[in-house]
Structures are given as structure tokens and as C-alpha cells.
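I wanted to look up a few arrangements one after another and write down what I found. These are my notebook entries, in the order in which I made them.

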Amino acid sequence: MDEIITGITQAFNLILTLNPEVLHIAALSVYISLAATLLAACISIPLGGLIHFREFRGKRALKVIIQTLYSVPTVVVGLLVYLLLSRSGPFGFFGLLFTPEGMILGQMVLIIPITTGLVISALSGVDQNISDTLISLGATEFQSIVQIVKEARLAILSAVILAFGRAISEVGVAMMIGGNISGQTRVLTTAIALQTGMGDFGFSIALGIILLAIALVIVVAMNLITSGLSAEHQQVMGGPRS
Amino acid sequence: MIRITGLSRQIGERKILDGIDLEIRRGEIFTLIGPSGSGKTTLLRLIDLLDRPTAGKISFDGQDTAGTEQERLAIRRRMGMVFQKPGVLNVTVAENVAFGLKFRGTDRTQIAQRVTSALKLVGLLGFEEHRAVTLSGGEMQRVAIARAMVTEPEVLLLDEPTANLDPVSSEIIEDLLIRINKDLRTTIILATHDMVQGQRLAHRMGVIMDGRLAQVGTLHDIFYQPKGKEVARFVGIDTVLKGVVQSNERGLATVALDNACFEVVTPCPPGKRVGLYIRPEEVTISIPESGARKTSARNQLVGTITKLVSLGPFIRVTVDCGTPITALITTRSCGELGLAIGMTVVAGVKASAIHVHADPA
């Protein structure tokens, strides 16, 4: 019990005094996961669009596979990417293993199924009636696709935020691809794992609190997007109908 | 304007439309009426070139529409369509209305002007910056009409535009359509299952039943001279009877049914089998005791009331006079006459109010 109380006290000390090591680890975590999320989104939005708007054989099977990959264990992705990036692997010559860039790549592989799958759901959520309307208004196929993606923007944005949550909270890829090198590839989750093992509970609790705070920010952002934002937006756009 | 020949659409084994021949004239309001699922929507989608027919042709202003997607897009851009659900996008009203122009590459200043005049047309000036999805159903449908009209289409297609709306909102939209047709000379094709609406708006009507065009004609043709029993039933003729002409004196004929006899106006010779269609509002109900009154109605049939169905201000009375005859009378006169099931009454019909259809199916 004593350990926990001193740990918590120590944690608040570390956070309130803006401990440089804690800050560095938190910043690196956010940088890696944010980069992975944005790059994954850049791939997933067009890819999801392609899968949604094109008819082809095995489309349903592909969707099932994508959904299965939502819950792929992070260590399995870590293993796969490790094998690809290791010196003897096919992409070894890039020298990405144990670098932040390698971790970004690993996290991208982890979350692309989530963003792609949720982009497909988001686009399917746009009423068929909307797509008929756009075509009847004289849209070319490209114009109507752009408009449907815009119409699904809130759902797509929440998919991206959800993916960021998965990226920043995972340990497997960060540990196996990053290697938890202090000052270089050490992120919140791997640091917590290591410090706890070494009995440095204060440091772990501090990082844990930061991780939870980030989760809180994500949840608040999601809620704003799915409900609050539309009301706020409405105010900006001239107020609700009287 | 639009000429449709032998048009069919089949999905799998199911024939949704079967051999439609129809011509839409420039500047008219043409309503397609028919029960739900009869193929109205399918036909409108084919006319708007959203789907391709299984067989048959549609030509638009003399031009065949079976060409490449590029050619079809060019023709589609000369039409506007409003769907049953308004299909507004989650942006402002002005942005919603501007879509058609944006797709056509119109410049910004012109878009602003034309959006304003389209909103003025539908009575939604001042709503530009509102988010379209927060509007009421009727307002959303008016946004959809403004959006279709902003490109000044030659033809406006509407698929049950008031099906989900209250009567007041529906009337606003009906008035708007009449105005669009009159002032802008836009050809309008409207699909509806609402007989009253079809009647109110149309110059000409087409009745569609089970994927076939059962009858095309003016309101009078369809309401008073329906072709066939299904059309008659759909346009509100409750009494459909069959009989044989017994005699014919210069057009005034006597038609015998199994248990009754009617005098009708028809050129059909004796021995001819005919169908008799009687609109319920053409039938009068009176009490036999007060029967000393003289009347010009040639047919006075005594019978007993078997059914009373209240329709608010009106009551539908079914009288069994050897054959059932349905009358539509006001609730007030029903009360004054004290009508009740089992009562003996006289159903009166003028000979000229009975539509005679030779060769009944």
C-alpha cells in the first residue's frame, strides 16, 4: 500500500515539475502514433473508397478478412514487421529496425485494417439515396465519390481517432520494432513495462497517467465529433432553425 | 419531348416494367399513378438515365439515350429529379442547392445568384446558411426541388415527393409545382399513389399497374372511362358490375344483371356483354317512405344497407340491391336520414352517370 502512495506522489512530482525524460517519452509516443495514424489514413481512405465503390469478386470475403485483422495481436504484427525489417529480411537494407520510423511502419500495418474497415462502414452509412441524388444532379462518377466521402467525413474522422488510440496504447510493435532504446525509441507503453519490471513505480504511474490523459482527450474529441461538433458547427453556420 | 418505346426492366427473373410505350409532351405535367410497387420509381429512374433498361428505347428530344456514359451524362444534365426522400447532404442549404451548378463547373458569382433565385422560387430565402438536415420534412423537400431547379432543367422528375409529408406541406409543394410548370414552362413528370394529387396537378395521367401502363389519358378519360376493372378500382370506382344489354332505344339501354336491372347510356346493341362502372359519389341514397318525390335519376334500386364505413366528413354506404352498390354521402346527411345497417333504402343513379365498358374482362 505504501508503495502505491509513494508511487502516486512521485508521479505527480514528475509531471508537475515537467520532468524532461517523461516529456520526451510522451512526445515521442505522440509523434510516432500520430504519424502512423495520418499515414494510415492517407492509405485507408482511398483504399476503403476503392473497395466500397467498386464491385469485384471476393468483395465480401475481403471485408471479412479486414474485420478479422481489427483484432490481430500486436505482437504478431511486431513479429511480421520484425522479419521484414531485420538485416536479413527483404527490407533490411533500409535499416529501419530499432528506429522511430520502423515503429511508425509497424503501427501503420497494425491500424490500416481498422481505418480501412471503418472507412468502408462510414461510406456504407451514407444513404443510397444520396448517391442517386448526386448522380441525378449531373455529377460525374468522380464528383459523386468525392461528395460521398465528404458526407461521411465525421464517421471517417472518428475512425482515424480510434486508430490513433489503438496505436498509442499498443506495446507489441513498439517493443519488438523499437527495442525500447532510451532517448531514441522508448515510448510510454514500453517505458511503463520496463520501469515496472525495475520496481520504479513512480515513473510508471506518471507515464500511465499521461497515457490515460491522452485516452481522455481522444474520447472527448470523438464525442465532440459525433455529437457536439455538429451543434457547434450549426451555431457557426447561422444558428439552429428558429 | 420524351418518347418511350417497348421499355422493360427485369431484375433477375422479376419483370419490374414490361413493354411501356409512352410519350411525354413538352410543357405538360404528366402524372404516373399506380399502387406502391407497380413500377413508378423504376420508370422514373430509367427516364432520368440512372439505370439502363433491359429492353426498349427512350429518346430525349429526338436523341437516343442508349449511348455511352458520357452522352447519358450530357442528357441527364438537362433533367432534374426529386426523390421520395429529400436526400439532402449534411451541409448548408445554399451548398445543397449549388451542387448541380458546381458539378457543371459554373463560376462562383453565378452560382450565388442562381442559388438565391432558386431558393426564392421555393420560398426559402433567408435559409441559405442553415444546415439542411435540421429543416422540417417539407422544407427539406423544397430544398430538393430548388436543387433540381437551379440548373434550369427542361424536365423535372418527381418520385412521390409528398409521400412522407403532412397535408399542408404537400399543398405547398403542389402549388410550387404548378407554378414551376406555368412560369418556367418546365415539363414535369410526377409519380404518385395519391389519386387526389394526381388529379389536381396533371394535364395527362398514366395509370401503371404491375409494371404495365394500363391507361394513358386525360383526367376525364381515366376517372370516368377507366379501361378495365383494376384501373376502375384504383381510381375509386367501388361498384364494378357485369351484365348483358337487353334492349337499346336510341342510346338508352337496359342492362340486366343476375339480380338487378340498370338503365344506362350506351350505343351497345342488345345481347352485348358489358361492364358497368359507378362512381360512389354519383349514387344518392333516399328513404323509400318519402318516395313520392319525383327524380330524374333513371335507376332507383331498393335494397338494404350492409356496410357503413366512416371516412371523416364522408361515409361510404354499401347497399345490397340484388347486387352491391356503394355510395359516398356526407356524414351529415347520413345522420339526418338516420342510416343504419339493415335499413331499407333506395339507391339512385342517373343513367348517364354509369360508365359502360364493352367487352369486360
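**Entry 1: a sheet in chain B**

I began with an open sheet in chain B, in which five strands follow the order β13-β12-β11-β14-β20 with antiparallel pairing; I keep in mind throughout that the model is a predicted one. Looking for the edges, I noted β13 (261–265) and β20 (354–358) of chain B, each of which pairs on one side only. From one strand to the next, I found that the twist averages 45°.

I then looked at one pair of neighbours, where strand β12 (residues 252–256) of chain B runs antiparallel to β13(B) and is joined to it by five bridges. Within this pairing I located B:Ala253, which stands opposite B:Val264 in β13(B).

**Entry 2: two domains of chain B**

Next I looked up the domain assignment of chain B, which gives domain 1 as 2–233 and domain 2 as 237–358. How many Å separate the centres of these two domains of chain B? Taken over C-alpha atoms, the separation is 39 Å.

I also checked where the domains touch, and found six residues of domain 1 of chain B in contact with four residues of domain 2 of chain B. On the domain 1 side of this contact, helix α9 (residues 229–234) of chain B gives the most, with three residues. Sorted by class, that side of domain 1 has three nonpolar, one polar and two charged residues.

**Entry 3: two helices of chain A**

Which residues meet here, I asked, between α4(A) and α5(A)? From α4(A) I listed A:Thr74, A:Val77, A:Gly78, A:Val81 and A:Leu85, and these meet A:Gly102, A:Leu105, A:Gly106, A:Val109 and A:Leu110 in α5(A). By class, this contact has six nonpolar, four polar and no charged residues.

**Entry 4: where the chains meet**

Last, I looked at the contact between the chains, which takes 18 residues from chain A and 23 residues from chain B. On the chain A side, α6 (128–136) and α7 (141–151) each supply at least two residues, and the largest share, six residues, comes from α6(A). I noted the classes on this side of chain A as six nonpolar, eight polar and four charged residues.

Definitions and conventions:
Residues are numbered from 1 along each chain as its sequence is written. Chains are lettered from A and ligands numbered from 1 in the order in which they are written. This is a predicted model: local features need pLDDT of at least 70, side-chain atom pairs count only at pLDDT 80 or more; totals for chains, interfaces and linings use all residues. Two residues are in contact if their C-beta atoms, placed from the backbone, lie within 7 Å. Helices (H or I, at least four residues) and strands (E, at least two) are DSSP runs, numbered from the N terminus. Ala, Val, Leu, Ile, Met, Phe, Trp, Tyr, Cys and Pro count as nonpolar, Asp, Glu, Lys and Arg as charged, and the others, Gly among them, as polar. Domain bounds come from an automatic or database domain assignment. Two strands pair if DSSP finds at least two bridges between them. Axes are lines fitted to C-alpha atoms, for helices over the stretch in contact, and angles run from 0 to 180 degrees between N-to-C directions.
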